[in-house]
Amino acid sequence: MAENASLKNVVLVVDDEPFIRMNAMDMLEDAGFSVLEAADADHALSVIANHPEIGVLFTDINMPGTMDGLDLARRVHELRPDVHLIITSGKVRPSVAEIPDSGKFIEKPYQQDQFIRLVEASIGS
């Protein structure tokens, strides 16, 4: 699926927990996606600014730093409305209105097939 990064099928995974971030990255890479990573929202904004090929932002809500994952999603939507948003959390369940641009939510812990289908549907939309 990730033969051509210009098709915007690169996923940016943002999570402050290294094990969880690496697990999500492994799932995506196993499914054929190109993946970039960031440990917090500030780093994620830098990555987004430097990688126009990113088509999906997959971010945890609860993160330390200047903004949480919902704030990050709002900012990315302002800067790059072409990027599809997928939000995750094991602690918080945001309302549909809290997720910008009809973004999607997946609750932790998520199953690989459920996660990959959600990413594929986001890229395909």
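Modeller: Keep in mind that this is a predicted model.

Biologist: How do E3 and E4 pair, and over how many bridges?

Modeller: Strand E3, which covers residues 54-60, pairs with E4 in the parallel sense, and 5 bridges join the two. Within that pairing, Val56 has His84 in E4 as its bridge partner.

Biologist: And which strand does E4 run parallel to over 4 bridges?

Modeller: That is strand E5 (residues 104-107), which runs parallel to E4, and here Ile86 has Lys104 in E5 as its bridge partner.

Biologist: Is E4 mostly covered or mostly open?

Modeller: Strand E4, residues 84-89, is mostly covered, since 5 of its 6 residues are buried.

Biologist: Switching topic, how many aromatic pairs are there in the whole structure?

Modeller: A search of the whole structure finds 3 aromatic pairs. One of them is Phe58 with Tyr110, whose ring centres are 5.6 Å apart and whose planes stand at 85 degrees, so this pair is edge-to-face.

Biologist: Which parts does that pair tie together?

Modeller: Phe58 lies in strand E3 and Tyr110 in the loop between E5 and helix H4 (112-124), so the pair ties together parts that are 52 residues apart in sequence.

Biologist: Why do you count Tyr110 as buried?

Modeller: Tyr110 counts as buried because its relative accessibility is 9%, and the cut-off for buried is under 20%. Phe58, at 3% relative accessibility, counts as buried as well.

Biologist: What about Phe58 and Phe115, how are their rings arranged?

Modeller: The ring centres of Phe58 and Phe115 are 4.5 Å apart with the planes at 45 degrees, so that pair is tilted. Phe115 lies in helix H4 while Phe58 lies in E3, so the parts tied together are 57 residues apart in sequence. Ring pairs link Phe58, Tyr110 and Phe115 into a cluster.

Biologist: Last one, which residues touch the most other members in the largest nonpolar core?

Modeller: That core has 23 residues, and those touching the most other members are Leu12, Val14, Ile54, Leu57, Leu72, Val76 and Ile87. Strand E1 (10-14), helix H2 (41-50), E3, H3 and E4 are the elements that give two or more residues to this core, and H2 gives the most, with 5 residues.

Biologist: Which residues are included in the second core?

Modeller: The second core is separate and has 17 residues, among them Ala24, Met25, Phe58 and Phe115.

How values were computed: Residues numbered from 1 in each chain as written. Predicted model: local features only at pLDDT ≥ 70, side-chain atom pairs only at ≥ 80, totals over all residues. Heavy atoms only, no water. Buried < 20%, exposed > 50% of the residue type's maximum accessible area, 1.4 Å probe, protein only. Pairing = 2+ DSSP bridges. Phe/Tyr/Trp six-rings, centres within 6.5 Å; stacked < 30°, edge-to-face > 60°. Core = buried A, V, L, I, M, F, W, Y, C linked by side-chain atoms within 4.5 Å.
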